[in-house]
Amino acid sequence: MSEFEYIAPCHFGLEAILKREIGDLGYEITEVEDGRVSFKGDEAAICRANIFLRSAERILLKVGSFTATTYDELFEATKALPWEAYIPENGKFWVTKAASVKSKLFSPSDIQSIMKKAMVERLKGVYHMTWFPEDGESFPIRVFLKKDVVTVGLDTTGESLHKRGYRKFTPKAPIAENLAAALIMLTPWKQDRILVDPFCGSGTIPIEAAMMAANMAPGMNREFTAETWAHLIPKKAWYQAGEEAVSLIRNDVDTDIQGYDLDPECVEMARKNAALAGVDHLIHFQRRPMAELSHPKKYGFIITNPPYGERLEEKKDLPALYRTLGERYRMLDSWSMYIITAYEQTEKDIGKKADKNRKIYNGMMKTYFYQYMGPKPPRRSN
């Protein structure tokens, strides 16, 4: 078995969650940076990481890294990389994305164009061809430049890992599936505890929680770019990873996961999405205004992504909304509450300072994860 280095990008602020997930899969972490975690693994790691990681954006197979401050240096260093070890002579290859931070080279289009030319020059010499048909499998390349260090990776994933495949019905601005999963993993919630999302929208937070409760791998029902790279990853590795995922599912788990929304269309979307995810039997969705949020049991969790005024006309309603949320939370004896929002007056309007506050970037938007921690339930006597 060969050993490769992989790079898993994630939302800024969630690196520790992703690091823990990769470690739980049994792989050695080599580096943790803002927005990405690197690790070592064999060919099967491509399959297992894509199928099992809940908080990652994608899995990149690292081709190499080097320093470049001029386009000539970028060309020569790119040309020196062993592209033939990854891309066959009929492979379709291109730089799908280039990102630059605090580097002298900062034009994505120029970086993409020059690197493509360098790859062509390298492969011309190896394959003794002057023209490449590029009618074979796809090999998209992603490039990061940070302080003039260029890191190059092959994208094994394709469509971002947050696209699990179950969310066919969505309202405006739904939370990404991998972000929802990571938020749940930042809490002490376990499947034997109550979870309520009073702003469930298309159901993402309850669905991700139910998949965790049932131990369902997030990527088990979708496809990945690297599935066609038979010269790098044996088909058997994909079958084995898929079989591993199926064998771990717990269909008999008992849960109390609930999703509420004021909009009946959202509730219907959430039910359909949960059915597509195979967890509709684990979640109760209903139309309920947040002002009626209640539960007879103790030690539950609110985990939610409330409105935070992306549109100007919504902003005027936010103070009352968050005040009501605070009032309802105070009536839930011994509960915990976790809120992700960009609304700056959250603590003021809820009427209580959060026990913890974590900054998380949702794309380019700075959000905060406010954590109100209730008491732990008493230990059950055996």
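User: Hi! Which loop does His 128 lie in?

Analyst: His 128 sits in the loop between helix H4 (108-127) and strand E6 (138-146). Helices (H or I, at least four residues) and strands (E, at least two) are DSSP runs, numbered from the N terminus. This is a predicted model, in which local features need pLDDT of at least 70, side-chain atom pairs count only at pLDDT 80 or more, and totals for chains, interfaces and linings use all residues. Residues are numbered from 1 along each chain as its sequence is written, and side-chain values use heavy atoms, with hydrogens and water left out.

User: Thanks! Is His 128 buried or exposed?

Analyst: His 128 is exposed, with a relative accessible area of 71%. Buried means under 20% relative accessible area, exposed over 50%, and partly exposed in between (1.4 Å probe, protein chains only).

User: And what about the phi of His 128?

Analyst: His 128 is not a glycine, yet its phi is positive, about 55°. Most residues other than glycine have a negative phi. Tyr 299 also has a positive phi, near 65°, and lies in the loop between E10 and strand E11 (301-304).

User: Switching to H8: what should its 14 residues span?

Analyst: At 1.5 Å a residue, helix H8 (residues 264-277) should span 20 Å, and its end C-alpha atoms are 20 Å apart, which agrees. The expected span is 1.5 Å times one less than the number of residues.

User: Which residues of H8 are buried?

Analyst: They are Cys 266, Val 267, Met 269, Ala 270, Asn 273, Ala 274 and Ala 277. These cover an arc of only 160° around the axis, so they are on the same side of H8. The arc is that of the directions from the helix axis to the C-beta atoms. On the other side of H8, Pro 264 and Glu 265 are exposed.

User: What do the buried residues of H8 pack against?

Analyst: Helix H6 (204-213), strand E9 (256-261) and strand E10 (283-287). Contact here means heavy atoms within 4.5 Å.

User: What follows H8?

Analyst: Gly 278, with a positive phi near 80°.

User: Last one: which residues of H1 are buried?

Analyst: In helix H1 (residues 15-24), the buried residues are Glu 15, Ile 17, Leu 18, Glu 21 and Ile 22. Down the axis of H1 they fall within an arc of 160°, so they line one face of the helix. Their packing partners include strand E1 (4-9), helix H2 (43-52) and helix H5 (177-185). Just after H1, Gly 26 has a positive phi of about 95°.
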